[in-house]
Amino acid sequence: MLIDGFAAGSFQTNCYVAAPAPGDECVIVDPGQDAMAGVDALLREHRLKPVAVLLTHGHIDHMWSVAPVCGARDVPAWIHPEDRHLLADPAKGFPLGAGQDLLGGLKFTEPDDVRELADGSVLEIAGMAITVDHAPGHTRGSVTFRFPEERVMFSGDLLFAGSIGRSDLPGGDYPTILRSLGRVCLTLPDDTAVLPGHGPQTTIGRERAANPYLAEAAPFAGPTRGL
């Protein structure tokens, strides 16, 4: 499997491409601020043809470029229905007034083709089977994307190396994110690679051993399961 990425924009949000191999169809995960040039460079380098954009959640730093990326390649965007409203009005992801100040009157629109994700569904896209897990707590519509055969998870802003996503923005909730961490992350094998929305790659085993938030989430974990 081919996975490559870069940190986009002033938020340094990780944008990824994933494909079975160079020269194949691919998906784009979380095209953030000013991500178009980086995405195009990865597509050229690996000779990839994008067929979908996957969004782990609706915050502006993860979907800033979704409409232009989808429009340029005529591909759909996938997002959980609880976060879909943020595509056209990302200011709602911030406290009242803060979003308007941050975005400075910029206008955003949905891509022409938006499709909604469901918990536990498997997307058969680009020759890959991608499992979707609803993981609210950072936002109501946060999800992770898992690649079963490769033991890889795109965690968005649910889980970082040594930390977790914040839960103090609209739609966030700390007890809810702990439950999501327990159900979605702690049930995975230790050798599962975690590709987060910000910062370096990690593994479930490393976070299970050293991430203090996962210790808090442990009571919400079920039996360990394979990807």
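This is a predicted model: local features need pLDDT of at least 70, side-chain atom pairs count only at pLDDT 80 or more; totals for chains, interfaces and linings use all residues.
Good morning. I shall begin with strand 2, which spans residues 13-19. Seven of its seven residues are buried, so the strand is largely enclosed by the rest of the structure. In a regular strand the side chains alternate between the two faces of the sheet. Here both faces are covered: Thr 13, Cys 15, Val 17 and Ala 19 are buried on one side, and Asn 14, Tyr 16 and Ala 18 are buried on the other.

Which strands pair with strand 2? Strand 1, residues 2-8, runs antiparallel to strand 2 and is joined to it by seven bridges. Within this pair, Leu 2 stands opposite Ala 19. Four residues separate the two strands in their hairpin, where Gly 9 has a positive phi near 65°. Strand 3, residues 25-29, is also antiparallel to strand 2, with three bridges between them. Tyr 16 has Val 29 of strand 3 as its bridge partner. This hairpin has five residues between its strands, and Gly 23 in the turn takes a positive phi of about 85°.

I now turn to the largest pocket, which holds about 200 Å³ of space. It is lined by 14 residues, of which His 59, Asp 61, His 138, Arg 166 and Leu 169 are the closest to its centre. The lining comprises six nonpolar, five polar and three charged residues.

Finally, is Ser 180 buried or exposed? Ser 180 belongs to helix 6, residues 174-185. Its relative accessible area is 3%, which is under 20%, so Ser 180 counts as buried. Leaving aside residues up to four places away in sequence, Ser 180 touches Ala 135, Pro 136, Leu 158 and Cys 185.

Thank you for your attention.

Terms used: Residues are numbered from 1 along each chain as its sequence is written. Side-chain values use heavy atoms; hydrogens and water are left out. Buried means under 20% relative accessible area, exposed over 50%, partly exposed in between (1.4 Å probe, protein chains only). Contact means heavy atoms within 4.5 Å. On a 1 Å grid over the protein atoms alone, a cavity is a set of points where a 1.4 Å probe fits but cannot get out, and a pocket is an open set with protein on both sides within 12 Å along at least five of seven lines; lining residues have an atom within 4 Å of a point. Grid points are joined across faces, edges and corners, and a volume is the space filled by probe spheres set on the points. Ala, Val, Leu, Ile, Met, Phe, Trp, Tyr, Cys and Pro count as nonpolar, Asp, Glu, Lys and Arg as charged, and the others, Gly among them, as polar. Two strands pair if DSSP finds at least two bridges between them.
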